[in-house]
Amino acid sequence: MMHIDTTKPLNELGKVKDFTVLKKLRELRFDRVVKSSYAPLRLEKWYGYGSNLQSIKEGRADVNWTENFPDWVDELRRSYFPEANSALICKGVRPDSETSIDWHRDHGTFENRVVMVNFGFAVFYLQDYMSGTEIYTLTDGQVVDFDSKLLHKSTQTSDERYIITFRKVKTSFSKHKLF
């Protein structure tokens with residue numbers, strides 16, 4: 001079991017050194033799904049549970065099973081966040097798309113913890129209640145976790161970037177137990 005320091009806003013969990021994952025990411029078919037004004041140029045692909053990211057308060061939020069994790073995604077999930085039942089993969093290849101996203105908290109259908117696998121480079125900002133805004137440089141292959149209910153944003157700094165984020169859907173939103 002991996003030790004997570006809950007006193008730190010962001011924890012480095014490791015580094016993916018097998019860049020066949022990057023090759024597989026480049027081969028994926030992505031959808032341009034503009035669900036949020038926070039990330040208008042984001043291309044995305046869901047595995048496991050996917051969310052429409054709509055309002056819970058207004059009753060429009062929906063979480064549905066999309067498709068099973070391919071082996072290479074499931075291997076990462078099992079290595080870094082075995083309880084996760086959702087994976088969102090985002091693609092940013094300039095000038096057509098990018099992974100930058102403005103200040104936000106993650107959707108309420110998900111539990112707080114997010115594990116992010118980063119390919120490419122970005123600046124990640126995390127606003128912790130105690131220490132203010134922390135700024136991190138995300139590097140190629142880096143794996144981190146953080147509390148997604150804290151305000152955060154990222155700015156893509158490389159021409160090409162892919163992110164795999166693993167989450168766990170809250171029990172009240174999942175339609176059946178997966179793992």
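How exposed is Phe 19 in terms of relative accessible area? Phe 19 is partly exposed, at 37%; here buried means under 20% relative accessible area, exposed over 50%, and partly exposed in between, with a 1.4 Å probe and protein chains only.

Good morning, colleagues. This is a predicted model, in which local features need pLDDT of at least 70 and side-chain atom pairs count only at pLDDT 80 or more, while totals for chains, interfaces and linings use all residues. Residues are numbered from 1 along each chain as its sequence is written, and side-chain values use heavy atoms, with hydrogens and water left out.

Let me begin with the overall picture. The protein has 179 residues, and 48% of them count as buried. It contains 2 helices and 12 strands, taken as DSSP runs numbered from the N terminus (helices H or I, at least four residues; strands E, at least two). From the N terminus, the order of elements is β-α-β-β-β-α-β-β-β-β-β-β-β-β. Among contacts with a separation of 6 or more, 72% join residues 24 or more positions apart; a contact means heavy atoms within 4.5 Å.

Two strands pair if DSSP finds at least two bridges between them. Between β8 (residues 122–128) and β11 (residues 151–156) there are 6 bridges, and Gln 127 stands opposite Leu 151 in β11.

Next, the aromatic residues. The model holds 5 aromatic pairs, with rings of Phe, Tyr and Trp (its six-membered ring) pairing if their centres lie within 6.5 Å; planes under 30 degrees apart count as stacked, over 60 as edge-to-face and the rest as tilted. One of these pairs is Phe 19 with Phe 119, edge-to-face at 5.8 Å centre to centre and 80 degrees between the planes. Phe 19 lies in the loop between β1 (10–15) and α1 (20–27), whereas Phe 119 belongs to strand β7 (residues 113–119), 100 residues apart. Phe 119 is buried, at 1% relative accessibility.

Finally, two charges sit over rings, meaning that NZ of Lys or CZ of Arg is within 6 Å of the ring centre and within 35 degrees of the ring normal. The charged end of Arg 113 is 4.4 Å from the ring centre of Phe 81. Lys 153 lies over the face of Tyr 125, 4.9 Å from the ring centre.
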